[in-house]
Amino acid sequence: MHFNRKKLTAFLIVHILIFSFIPFPVRATFEQNQEAAEARKLLPIESNLIENWPAGPAIGAAGAILYEANTGVILYEKNIHEIQYPASTTKIMTCLLAVDHANLNDMIPFSYNAVHSIGRGTSNIGIDAGESLTFEQALYGAMVASANEVCNGIAEYVGGDMETFAQMMTEKAHELGCQNTNFTNAHGLFDEDHYTTAYDLALIAAAYFKHEMLAKIGNTVSYHFTPTDTQPDDFVVRNKHRLINGEIQTNYNILGGKTGYTNASRQTLVTAAEKDGMRLICVILKEETPEQFNDTVKLFDYGFSNFQIVNVADHEKRYTIENASFFRTGNDIFGDSSPLLSLNRDDYLVMPRTTDFSSLDADITYNNERSSAIAEIIYSYNGAYLGTATIDFASENRSTYDFDHQMPFEVAEEPIQDEENIIFINVKQVIFIIIIVASLAILFFIFRSAMKRYHFTRRRKRRRRKPVRKSKRDRFKGYYL
């Protein structure tokens with residue numbers, strides 16, 4: 001092919017001049033993203049609007065939540081119901097769903113589509129089509145190495161195909177209470193229809209970290225893949241989560257988490273931590289590196305410093321009575337009976353450290369699904385939910401009685417519950433109502449009896465005054481004599 005040297009030279013000069021005036025795209029994108037993150041710091045923090053609630057830090061994430069997993073209390077919220085793209089934090093749901101449908105020793109085969117549909121340059125561990133991993137290895141590959149092809153293999157094994165598995169993920173999310181979540185894949189690569197929210201992702205993470213084995217996998221610093229008959233490579237993968245791998249040190253116990261990134265989602269991060277009985281889930285969506293880790297530390301520090309767990313039965317005074325013996329039968333032939341009702345001693349709240357228990361609002365509802373509970377007390381503070389406690393039928397206290405002859409069986413004796421936690425029946429009001437009802441009934445019967453006596457006396461008097469009328473025959477009887 002013949003090239004015109006002058007035309008080629010002119011062509012190159014023109015293009016050099018054009019590109020010399022175009023800003024360097026990577027630098028421009030970085031600056032724009034940083035400016036966007038700074039602007040997001042000015043977005044309102046909804047939890048800071050609660051009266052007398054501890055003020056949370058301003059962060060550059062578009063959405064963030066600090067969630068207490070055991071009670072469902074939200075300590076910090078910023079756009080928690082706004083739809084965002086989760087990126088690889090999706091894999092939390094992938095593993096949570098899959099563990100219910102596979103055993104650790106099951107072999108996960110990798111099809112050509114599972115390996116080659118993720119695109120070049122995305123996160124992977126180099127599995128080739130036709131190779132297999134155990135399900136346990138696949139879980140480590142998904143959570144520690146964030147391997148996309150591994151998630152595809154899990155999806156095909158559990159769901160039959162990747163699309164069906166994604167539908168199962170969405171259904172599982174809805175079962176957990178997620179209302180603004182939809183999954184289209186198992187790995188989290190960008191799709192406009194693949195989205196969630198900070199709140200929904202916190203619900204998913206809370207369920208994930210309740211599973212002991214998954215929690216262990218999600219908190220693994222590194223994992224060694226050894227050669228097998230179905231996978232010939234020997235390699236080690238390392239977790240990029242800086243609170244897990246030790247790059248960032250904390251004074252609380254990190255339970256695990258998952259990183260995520262795409263161009264559309266930016267940096268996403270889910271982390272669980274525990275201290276002083278509180279299990280906190282922190283979700284960061286759409287942040288710039290490395291601020292997703294710094295935001296998480298700020299929120300954990302905020303949560304553990306400003307909030308505490310409080311046992312309801314140890315502090316609740318409004319729904320108890322002073323004389324616990326009212327609910328006991330005493331030492332009779334049936335033994336010393338237990339209280340009829342009591343506060344559940346395992347229920348607790350998460351509340352600000354600066355708040356007194358007596359200042360909390362409490363509402364009672366009787367629509368409780370637990371068979372042993374007759375009611376539930378819902379606690380809040382200036383409209384913010386703090387947790388619940390149930391009012392339960394106390395376990396029946398049985399003991400043997402000292403008869404002359406030993407009973408043919410022994411009845412287990414259970415300890416009497418703490419008397420200061422007996423539930424709220426107002427004895428004075430009950431007795432007062434009974435007296436009023438009885439008095440009204442007595443007055444009614446007295447009045448009714450008096451009215452009957454009065455009408456009976458009047459009828460007798462009318463009978464005495466009434467003249468005796470003779471028949472016509474009696475009046476003329478004398479004329480025939």
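Trainee: At what angle do helix 3 and helix 7 pack, and how far apart are their axes?

Mentor: Happy to. This is a predicted model, in which local features need pLDDT of at least 70 and side-chain atom pairs count only at pLDDT 80 or more, while totals for chains, interfaces and linings use all residues. Residues are numbered from 1 along each chain as its sequence is written, and side-chain values use heavy atoms, with hydrogens and water left out.

To your question: helix 3 (residues 91-98) packs against helix 7 (residues 162-175) at about 90°, and their axes are 10 Å apart. Helix 3 is therefore roughly perpendicular to helix 7. The cut-offs for that wording are under 35 degrees for roughly parallel, over 145 for roughly antiparallel, 65 to 115 for roughly perpendicular, and oblique for the rest. Axes here are lines fitted to C-alpha atoms, for helices over the stretch in contact, and angles run from 0 to 180 degrees between N-to-C directions. Helices (H or I, at least four residues) and strands (E, at least two) are DSSP runs, numbered from the N terminus.

On the helix 3 side, the contact (heavy atoms within 4.5 Å) is made by Met93, Thr94, Leu96 and Leu97. Helix 7 contributes Phe165, Met168, Met169, Lys172 and Ala173. By class, this contact has seven nonpolar, one polar and one charged residues. For the classes, Ala, Val, Leu, Ile, Met, Phe, Trp, Tyr, Cys and Pro count as nonpolar, Asp, Glu, Lys and Arg as charged, and the others, Gly among them, as polar.

Helix 3 is largely enclosed by the rest of the structure, because eight of its eight residues are buried. Buried means under 20% relative accessible area, exposed over 50%, and partly exposed in between, with a 1.4 Å probe and protein chains only. The buried residues of helix 3 include Lys91 and Thr94 as well as Ile92 and Cys95.

Helix 5 (residues 135-143) is mostly covered too, with eight of its nine residues buried. Among them are Phe135, Leu139, Tyr140 and Met143. Glutamine 137 sits in helix 5 and counts as buried at 11% relative accessibility. Apart from neighbours within four places in sequence, glutamine 137 touches Tyr223 and Phe225.

Five strands form an open sheet in the order 2-1-9-8-7, with antiparallel pairing; two strands pair if DSSP finds at least two bridges between them. Strand 2 (74-78) and strand 7 (253-262) are at the edges with a single partner strand each, so one side of each has no neighbour in the sheet. On average, neighbouring strands of this sheet are turned by 10° against each other, direction ignored.

Strand 1 (residues 63-68) pairs with strand 9 in the antiparallel sense over six bridges. Across that pairing, isoleucine 65 stands opposite valine 283, and leucine 66 faces cysteine 282. Strand 8 is joined to strand 9 by eight bridges, again running antiparallel, and leucine 269 stands opposite isoleucine 284. Strand 9 is mostly covered, with nine of its 10 residues buried. Helix 8 (residues 198-208) lies across strand 1, strand 2, strand 8 and strand 9, and runs at about 35° to strand 1.

A few backbone details are worth a check in your viewer. Strand 8 and strand 9 form a hairpin with two residues between them, and aspartate 276 in the turn has a positive phi of about 50°. Arginine 266 has a positive phi as well, near 60°, in a residue other than glycine. Arginine 266 belongs to strand 8 (residues 266-275) and is buried at 12% relative accessible area. A cis peptide bond, with omega about 0°, joins threonine 289 and proline 290. Proline 290 lies in the loop between strand 9 (278-287) and helix 10 (291-306).

Finally, confidence. The chain has a mean pLDDT (the predictor's confidence in each residue, from 0 to 100) of 83, and 75% of its residues reach 70 or more. Where pLDDT is low, the predicted coordinates should not be read in detail.
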